[in-house]
Amino acid sequence: MDKFIITINREFCGGGNYIGKKLSERLEVPFYDKELVNMAAKEAGYAEATFEKVDEVATNSLLYSLIMGVHNSTQTGILPDNDKLFNIQADIIRKAADKGSCVVLGRCSNYILREEKNLVRVFLKADMDFRKDRYEKLYGQPEKGTVEDAIEKRDKKRSSYFKFYTGHRWEDTEMYDLVINTGKIGFDNSVDMIIDYVNKMSK
């Protein structure tokens, strides 16, 4: 296969970042995650911290954009920061895919790149107990509420973001080629499974 694109959507604390990086290392292709925020901020002339606050956060700006007639425009100073970030990141994701094989984490990449020929759309999930244990190991205890509350809040934010910008449900299995329960088979086995899928696509 000359080129392939792997997009990863993931439940919080389901191992998305780890698996994305491992895929990048083993397949020797670029991995795009947080650096998309930095790249988008630079392109828009903003400080990175400004866009980090609105990364993967949906807004109520759609009505405003429709009224102004500028939704999906990237004109500086017109769109709210969230929409501006999304549009710039979408352009960066498309350009990255044009360059060659890569792994992209989140940010509606499975939808943005839906016209790509050799696209592998992955959704990673895990049982709540597994994710709670991972959260506690990575972050300790949240300042407010329970660990489960913190996880569900992050999942809801990602789901709302996806719905807002794509019109589709984040958890809809029709949006993916592979849905993997990482808590049951482990992160490294999940990496193996995705690579095996990519290899079989080329045959």
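## Helix packing and strand pairing

Helix 1 crosses helix 10 in the right-handed sense, a term for a near helix turned clockwise from the far one by less than a right angle. The model is predicted, so local features need pLDDT of at least 70 and side-chain atom pairs count only at pLDDT 80 or more, while totals for chains, interfaces and linings use all residues. Residues are numbered from 1 along each chain as its sequence is written, and side-chain values use heavy atoms, without hydrogens and water.

Helix 1 (residues 16–27) and helix 10 (residues 187–201) have axes 10 Å apart and pack at an angle of about 50°. Helix 1 is therefore oblique to helix 10; oblique covers the angles left when those under 35 degrees (roughly parallel), over 145 (roughly antiparallel) and 65 to 115 (roughly perpendicular) are set aside.

Strand 4 (residues 119–125) is mostly covered, with five of its seven residues buried, that is, under 20% relative accessible area with a 1.4 Å probe, protein chains only. Its pairings, each needing at least two DSSP bridges, are tabulated below.

| Strand pair | Direction | Bridges |
|---|---|---|
| Strand 1 (residues 5–10) and strand 4 | parallel | six bridges |
| Strand 4 and strand 5 (residues 178–181) | parallel | four bridges |

Phe123 in strand 4 is the bridge partner of Asn9. Phe123 also stands opposite Val179 in strand 5.

Technical notes. Axes fitted to C-alpha atoms, helices over the stretch in contact; angles between N-to-C directions. Helix = DSSP H or I, 4+ residues; strand = E, 2+ residues; numbered from the N terminus. Buried < 20%, exposed > 50% of the residue type's maximum accessible area, 1.4 Å probe, protein only.
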